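Welcome, and thank you for taking a look at this one with us. Please have the sequence and the model open side by side as you read.

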Amino acid sequence: MAGRGVTWLGTPTFPKAARTALADTQLRTNLRNATTTIRGKRAGAVAELPDWEPLRLAGEAIKDEVLADLGTYLERLEAAVTARGGVVHWARDAVEANEIVLRLTREAGADEVVKIKSMATAEIGLNEALAEGGVQAVETDLAELIVQLGEDRPSHILVPAIHRNRSEIREIFRREMPDVPEDITDEPRELAEAARRHLRQKFLTAKVAVSGANFAVADSGSVVVVESEGNGRMCLTLPETLITVMGIEKVVPTWSDLEVFLQLLPRSSTAERMNPYTSVWTGVTPGDGPKNFHLILLDNGRTDTLADTVGRQALRCIRCSACLNVCPVYERTGGAAYGSVYPGPIGAILTPQLLGEDVDKQARSLPYASSLCGACFEVCPVRIDIPEVLVHLRAEAVQAKNKTSPEAVAMAALAWAMGDARRWAAAQKAAGIGRLLSRGGRITSLPWPGSKWTSSRDLPAPPKETFRAWWRRTRG
Amino acid sequence: MVVVRVALFATCVTDTLYPRTGQAVVRLLERLGCEVDFPAAQTCCGQMHYNTGYPKHAAALAADYERIFTEYDAVVAPSGSCVGMVREIYPKLLDSTQAAIRSHELSEFLVDVLGVTDVGAYFPHRVTYHPTCHSLRMLKVGDRPMRLLRAVRGLELVELPEAESCCGFGGTFAIKNADTSSAMLTDKIKGITETRAEVLTAGDNSCLMHIGGGLSRLRAGVSPVHLAEILSSTEEEPWQAVA
Ligand code: SF4
């Protein structure tokens with residue numbers, strides 16, 4: 001996609017993509033099993049902490065403080081990173097960020113980079129951009145590797161291959177890994193071992209690594225990555241050059257602010273008390289770790305998002321994926337239906353905002369991909385009121401649309417009728433004619449768009465007497 | 001506590017499609033000593049407009065609501081979703097929300113304001129309860145409806161599997177994402193039929209319309225009945241299925 005943007009949007013609109021996904025029963029089973037398990041575990045891990053609510057409030061407050069004064073914190077971060085021997089780059093959009101990574105990789109004389117899970121680089125389509133420039137990117141996170149080898153797309157923030165089951169993964173490995181044992185089974189241990197052997201060679205030879213960042217501390221210039229396999233640690237320490245691509249909203253003021261997020265994140269995402277691997281690095285240290293460290297601060301629509309006082313709360317997101325795991329819509333459609341690296345409830349509010357004016361039909365359909373059940377808000381560790389933002393973005397979509405769309409006309413007519421009790425009673429009377437369509441007290445088929453309802457549901461026949469008519473007759 | 005005057009906010013769905021629920025609320029509240037009024041100027045809380053992206057239309061309806069209900073000590077509505085709109089969203093749309101603040105969902109009003117859980121009801125049926133999303137998460141009515149149901153004589157309450165998952169209604173979601181909505185409904189209905197309950201109850205007629213529409217299509221033999229109708233049913237005047 002030209003200009004700024006989130007890669008691979010432009011798939012069919014959500015309702016269409018969802019229909020395809022809904023028909024895939026294997027996908028639905030895989031997702032249901034995975035989300036049900038993690039949902040239960042998360043609830044347990046959260047219930048262990050007596051101060052979960054205060055922690056959420058603290059997380060929200062820290063992020064809001066950062067967003068309110070983002071420029072200052074970023075400059076402080078830049079100064080601290082530079083003072084410790086790192087180099088900071090600012091990238092307005094995907095194209096700029098990709099160019100910087102490609103240039104730095106060439107300067108390091110490499111044609112291959114190892115990568116540790118980074119949503120930001122997926123957002124900007126870095127792997128594809130590098131490939132065009134003759135550089136191969138190797139994903140080292142197991143789930144990312146599965147997605148990459150399967151020539152697939154990530155469908156979950158934390159478990160990008162959540163839509164795959166073990167035997168599917170075994171097939172992908174057998175097909176794509178040259179050195180995989182013929183008789184490999186679908187035991188998780190064997191699969192992980194195969195991946196480890198495959199990656200070891202890459203770690204030892206790679207000159208350049210690319211990472212994302214979960215947090216960066218403005219005061220000290222420290223960058224933090226949390227992961228569960230330890231492969232990230234290899235990327236962060238073995239290569240000569242380390243390039244980190246980080247969304248500008250990931251900055252936190254001080255080291256002690258991290259404490260809050262290092263509690264909120266693991267319990268929300270993997271239901272663990274503590275993250276297995278938390279790597280922190282600050283600039284460069286002679287004789288230890290990478291010789292060169294570059295930090296790319298990525299905007300790509302974030303500044304515009306910040307300007308929207310309701311929508312900006314999406315920038316508090318710490319990518320824990322708890323909202324995906326509880327979302328009844330995500331559970332049934334999977335991540336691909338959202339057409340973005342950010343699927344599920346957070347994707348539905350973040351993607352259209354990051355795209356801004358580039359918003360297309362797919363992105364515009366995302367805020368409607370929710371029944372507004374509120375489960376996402378309830379679990380979000382930084383208290384993003386996702387339903388509020390969804391409705392806000394719907395209002396923006398309506399504004400951008402033709403005022404004479406059938407929906408807008410119907411809504412206006414309804415509001416007009418409801419604006420006055422007499423007009424409303426008349427409208428109810430008209431609706432009562434619906435009785436003519438009914439048989440045995442139910443309506444089983446309506447013309448379009450009501451047909452979308454009656455495809456799977458009956459409607460009750462309107463009663464002979466409305467409540468207000470009853471009240472007037474008996475009490476009035 | 002004696003509430004002198006209670007205004008019933010019937011909600012557009014109950015007023016138009018489920019008058020029996022409105023009648024049940026009146027009967028129940030009068031039985032408990034309230035003086036109930038139905039301000040005839042009322043129409044709709046504006047939730048559908050708000051949620052679909054038409055906040056201006058919603059704000060106009062919200063202003064009407066404020067005006068119409070402002071003179072009452074308390075407003076009661078048989079809908080967690082509409083009361084959620086009124087109490088949680090009106091403050092974003094209006095400057096003054098006095099009536100909104102005094103608005104209660106039925107189970108909240110009974111338990112918190114009137115202080116009763118045994119309302120003297122009789123309902124000899126096997127019942128399962130679906131906690132609708134807005135009652136559950138927006139209003140946090142908690143176990144109030146269950147406590148009310150447990151005190152009903154003759155009623156056998158059976159737990160609904162995965163009770164807290166959304167039924168897939170979501171207002172215009174049911175139309176705009178009809179396939180996903182139906183998939184959610186299918187799972188909800190599976191849970192309901194597993195309970196072998198005769199009656200499905202909830203505090204929201206819109207969700208009951210959705211789930212009931214699916215039950216009816218499948219001829220599942222489960223009747224959707226609003227909580228108010230169960231609580232208003234007595235030995236002398238028992239609830240009866242509509243023909
Ligand atoms: S929106 Fe909240 S729950 Fe969802 S991924 Fe972000 S932080 Fe986690």
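Predicted model: local features only at pLDDT ≥ 70, side-chain atom pairs only at ≥ 80, totals over all residues.

Setting aside neighbours within four places in sequence, A:Ile346 is in contact with A:Ile157, A:Ala314, A:Cys317, A:Cys323, A:Leu324, A:Thr351, A:Ile384 and A:Ile386.

## The ligand site

A:Ile346 turns up again here, as one of the residues around the ligand. Cysteines are part of this shell too, namely A:Cys317, A:Cys320, A:Cys323 and A:Cys380. Among the other residues around the ligand are A:Ile318, A:Arg319, A:Ser321, A:Pro381, A:Val382, A:Ile384 and A:Ile386.

Sorted by class, the shell comprises 10 nonpolar residues, one polar and one charged. The ligand takes up the space of the second largest cavity.

A:Thr105 belongs to helix H5 of chain A, which covers residues 94–107. Is this threonine, A:Thr105, buried or exposed? Its relative accessible area is 0%, so A:Thr105 is buried. Beyond its neighbours within four places in sequence, A:Thr105 has contacts with A:Ala110, A:Val113, A:Val135, A:Val208 and A:Ile243.

A:Leu199 sits in helix H10 of chain A, residues 188–205. With a relative accessibility of 2%, A:Leu199 counts as buried as well. Leaving out neighbours within four places in sequence, its contacts are A:Val138, A:Glu139, A:Thr140, A:Leu145 and A:Asn231. For a sense of scale, A:Leu199 and A:Ala431 are separated by 232 residues in sequence and by 66 Å in space, C-alpha to C-alpha.

## A partly exposed threonine

A:Thr13 is placed in the segment before helix H1 (14–23) of chain A. Buried means under 20% relative accessible area, and A:Thr13 counts as partly exposed because its relative accessibility is 21%.

Which residues does A:Thr13 touch, not counting those up to four places away in sequence? They are A:Lys361, A:Gln362 and A:Ser365. The C-alpha atom of A:Thr13 is also 8.1 Å from that of A:Ala337, although 324 residues separate the two along the chain.

Technical notes
Residues numbered from 1 in each chain as written. Chains lettered and ligands numbered in written order. Heavy atoms only, no water. Contact = heavy atoms within 4.5 Å. Helix = DSSP H or I, 4+ residues; strand = E, 2+ residues; numbered from the N terminus. Buried < 20%, exposed > 50% of the residue type's maximum accessible area, 1.4 Å probe, protein only. Near = heavy atom within 4 Å. 1 Å grid on protein atoms, 1.4 Å probe; cavity = no way out; pocket = protein on both sides within 12 Å on 5 of 7 lines; lining within 4 Å. Sits in = over half its atoms within 2 Å of the grid points. Nonpolar A, V, L, I, M, F, W, Y, C, P; charged D, E, K, R; others polar.
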